[in-house]
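Thank you all for coming. I would like to walk you slowly through one structure, so please keep it in view while I talk.

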Amino acid sequence: MPALTDVLSVLEGPEFPYQVLRAMRNAALFATETRVPYGIVNIMLRDILFGNGGRAPIPLTTKLDSIVDGAMSHSWILARVAMIFKTVEFTLAGMEGVSKPQEWQTFIAGCVAGYTVMGPVTSIADYKLKQQVNLFIGIRTAWAVAGYMLRKDMFSSISQKFRPNSEYAKDLGWTGFVTLAWGFVMWHWRHQDKIAPREMPVAMARSMDFIYADGDTPGVQKWLPRSSYIFAALFLYRSFRDLQGSKG
């Protein structure tokens, strides 16, 4: 597809705005590659393989809508995290006059991205999706940071207490969790993963490399993996469905 590659080559500059755009692209593609297989197995095939437990059958279109909405929402969440994280990290590094982000700058950028994107919850579906994403990174980050603390001999001075005795405490706990989790995961990935490669689970490190670093290196073909066409099909389907709904 020479015409398409010629168009996409415009977005392959080494400048930082293009790096952010490519990070958002990779975030959307990663979410598509993650959410669609999950939806096919857990939404489309689960009832077929394991039965529905006597529940009323769910229409195929409803299942398809759930997969599409989940993939698009997941894509938009991760794309915003990528955009905010890279922009804040780049800005802080620029303010200090350094070419490579310092550890605290990466941590603050991750906190800002987590607080801005993951903190607000707009619906039950939004909460459930963000809960999945944050628990995914949370437990793996806790594992990685625990390894880091062991490596740095820091456990002797650590203690934790948490008593959720009010709704405010629960909200504060959730907001604090997503803020710190995204700060720690970005810091550990950027500054510690190469030092101790297996401290962070390999699959998670590879996913983060793909979303937040792979797009820094230009490459037209990176716009054209199979997941790009799946993402485009999902986007067109959802747009058509929403357009039909607005007419009805």
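What you see is a predicted model, in which local features need pLDDT of at least 70 and side-chain atom pairs count only at pLDDT 80 or more, while totals for chains, interfaces and linings use all residues. Residues are numbered from 1 along each chain as its sequence is written, and side-chain values use heavy atoms, with hydrogens and water left out.

The protein chain has 8 helices and 0 strands, where helices are DSSP runs of H or I with at least four residues, strands are runs of E with at least two, and numbering starts from the N terminus. Of its 248 residues, 38% count as buried, meaning under 20% relative accessible area with a 1.4 Å probe, protein chains only.

Now the pairs. Helix α2, residues 16-50, packs with helix α3, residues 60-96, at an angle of about 155°, their axes being 7 Å apart; the axes are lines fitted to C-alpha atoms over the stretch in contact, and angles run from 0 to 180 degrees between N-to-C directions. That makes α2 roughly antiparallel to α3, a label for angles over 145 degrees.

Helix α3 also packs with helix α8, residues 226-247, at about 115°, with axes 10 Å apart. That makes α3 roughly perpendicular to α8, the label for 65 to 115 degrees.

Conventions
Buried < 20%, exposed > 50% of the residue type's maximum accessible area, 1.4 Å probe, protein only. Parallel < 35°, antiparallel > 145°, perpendicular 65-115°, else oblique.
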